[in-house]
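Let's walk through this one together, question by question. Take a look at the structure first, then try each question before reading on.

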Amino acid sequence: MDTSKKTIILFSGDFDRVMAAFIIANGAAAMGDEVTMFFTFWGLNVLRKDGKVSTNGHKKSTLQSMFGRMMPKGTGRLGLSKMNFAGAGAPLMKKVMKQQNAMSLDELVESAREQGVKFVACTLSMDILGFCEEELVDGVEFAGVAAYLGEADEANVNLFI
Amino acid sequence: MDTSKKTIILFSGDFDRVMAAFIIANGAAAMGDEVTMFFTFWGLNVLRKDGKVSTNGHKKSTLQSMFGRMMPKGTGRLGLSKMNFAGAGAPLMKKVMKQQNAMSLDELVESAREQGVKFVACTLSMDILGFCEEELVDGVEFAGVAAYLGEADEANVNLFI
Amino acid sequence: MDTSKKTIILFSGDFDRVMAAFIIANGAAAMGDEVTMFFTFWGLNVLRKDGKVSTNGHKKSTLQSMFGRMMPKGTGRLGLSKMNFAGAGAPLMKKVMKQQNAMSLDELVESAREQGVKFVACTLSMDILGFCEEELVDGVEFAGVAAYLGEADEANVNLFI
């Protein structure tokens with residue numbers, strides 16, 4: 001076992017939980033650890049490109065289109081898990097973070113990339129939710145649960161967030 | 001430490017989180033790992049038999065009966081953690097899963113059993129929620145936190161979902 | 001690696017999840033394990049002193065004051081993650097726990113302390129939410145993500161709750 005490897009399954013798409021995941025990932029990377037984040041279910045929303053995306057003829061079912069339209073695209077529109085106040089909670093939280101000069105979620109994501117944190121999108125969740133690779137940001141790998149388990153076996157800290 | 005052992009505490013009774021837990025459990029079992037799932041609190045609902053169950057004279061308090069009536073029985077009635085739309089979200093998610101030929105939750109549970117995943121119901125949660133053994137599906141073991149910790153000590157991946 | 005060390009990140013402030021965290025922490029401590037609980041985001045509410053606290057001139061922004069007023073102080077006012085019924089769920093759950101002679105959350109917290117479970121408050125979350133040390137109960141350590149990772153590297157079970 002390699003004590004310098006960490007994995008995080010980011011299942012949640014809540015702003016506060018996503019923040020926590022990236023704070024841990026950045027911290028571990030800064031300490032020299034190899035970190036892999038697996039984005040699954042609602043966590044995939046973090047990786048979605050904002051705006052219209054050409055999907056190369058990728059077909060979605062009506063239900064998939066509906067889920068797609070109702071779920072947030074990217075880090076900018078995630079809600080809080082608590083005290084969301086119909087969407088007002090996350091902007092207030094971001095404002096208070098800015099006042100405290102805390103890193104924004106976008107900065108944390110960028111920093112994680114720069115530090116070499118590996119982003120893996122769960123292909124099974126993508127199939128169910130109807131996301132194609134073009135809809136997700138660049139630099140993401142695509143894999144399933146077997147890949148996750150392979151990495152988790154080599155890591156000494158494995159979190160499900 | 002045995003790198004081929006995994007434990008999952010399934011605390012959540014949300015359809016999406018339960019799905020994630022069973023996908024991981026099945027994946028690990030398919031790779032030859034020994035997997036133990038501990039069902040606690042809302043997660044116990046996954047193991048409840050549907051319909052009326054004779055409970056051999058097991059007495060419940062009024063509150064326990066109330067909690068029992070309001071919580072879902074089995075996999076068929078679990079809600080989504082997000083976008084539940086007063087119960088409409090989970091059926092829509094199931095429909096889109098079927099369209100994608102993804103395994104249903106029932107199939108995942110059955111497959112986990114067939115692959116030898118061990119199901120353990122948390123006895124403390126059962127006492128609090130007033131569930132007796134007869135109300136849960138067959139083939140479940142009953143144990144407390146000490147049993148969990150004993151297994152977690154031997155595992156190399158321990159998730160709380 | 002020391003198989004007798006456990007860490008729990010308590011991110012959630014939901015009564016039921018907090019209960020689960022303390023049941024695991026107490027169980028592990030009773031088995032002789034060294035346990036560290038990291039309280040972050042909503043989990044910090046568990047450590048807040050009830051009532052008015054003199055904060056030695058610590059200044060909060062308007063937003064921080066607002067978040068502070070709206071979040072529960074201490075274990076007494078936490079809500080359930082499910083079936084909260086506008087706040088009625090947690091008292092009902094506590095009542096049924098009492099009927100079953102289960103330990104109350106306050107007793108679990110006290111027992112964890114007596115067994116030497118280490119409580120660490122996440123300083124980054126404190127900065128964002130505007131909590132100063134005087135607002136949290138005594139006997140708590142203050143540290144950031146690096147301290148967490150240092151302990152997690154030495155532990156064999158690391159949970160995010």
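Q: Which residue does Phe39(B) stand opposite in β3(B)?
A: This is a predicted model, where local features need pLDDT of at least 70, side-chain atom pairs count only at pLDDT 80 or more, and totals for chains, interfaces and linings use all residues. Residues are numbered from 1 along each chain as its sequence is written, while chains are lettered from A and ligands numbered from 1 in the order in which they are written. Strands (E, at least two residues) and helices (H or I, at least four) are DSSP runs, numbered from the N terminus. In β3(B), the residue opposite Phe39(B) is Ala121(B).

Q: How many bridges join β2 (residues 34-39) to β3 (residues 118-122) in chain B?
A: Two strands count as a pair if DSSP finds at least two bridges between them. These two run parallel. The number of bridges joining them is 4.

Q: Which strands stand at the edges of the sheet in chain B?
A: The open sheet of chain B has 5 strands in the order β4-β3-β2-β1-β5, with parallel pairing. An edge strand has a single partner, so one side of it is left without a neighbour in the sheet. That picks out β4 (141-143) and β5 (157-160) of chain B.

Q: What angle does the direction of helix α1 (residues 15-30) of chain B make with that of β1(B)?
A: Axes here are lines fitted to C-alpha atoms, for helices over the stretch in contact, and angles run from 0 to 180 degrees between N-to-C directions. Contact means that the C-beta atoms of two residues, placed from the backbone, lie within 7 Å. The helix packs on the sheet, touching β1 (5-10), β2 and β5 of chain B. Its angle with β1(B) is about 170°.

Q: In chain C, which residue of β5(C) is the bridge partner of Ile8(C)?
A: Strand β1 (residues 5-10) of chain C pairs with β5(C) in the parallel sense, over 4 bridges. In β5(C), the partner of Ile8(C) is Leu159(C).

Q: At what angle to β1(C) does α6(C) run?
A: This helix lies across β1, β2, β3 (118-122), β4 and β5 of chain C. Relative to β1(C), α6(C) runs at about 140°.

Q: How many residues of α1(A) are buried?
A: Buried means that 20 or more other C-beta atoms lie within 10 Å of a residue's own, with C-beta atoms placed from the backbone. Helix α1 (residues 15-30) of chain A has 16 residues, and the helix is mostly covered. The number buried is 15 of its 16.

Q: Which element gives the most to the side of chain C that touches chain B?
A: Across this interface, 23 residues of chain C are in contact with 19 residues of chain B. Elements that each supply at least two residues on the chain C side are α1 (15-30), α3 (89-99) and β5 (157-160). With 7 residues, the top contributor is α1(C).

Q: And which element gives the most to the side of chain C that touches chain A?
A: Here 19 residues of chain C are in contact with 23 residues of chain A. Elements giving two or more residues on the chain C side are α2 (62-70), α5 (123-129), α6 (145-154) and β5 of chain C. With 5 residues, the top one is α6(C).

Terms used
The expected span of a helix is 1.5 Å times one less than its number of residues. A residue is buried if 20 or more other C-beta atoms lie within 10 Å of its own, exposed if 12 or fewer, and partly exposed in between; C-beta atoms are placed from the backbone.
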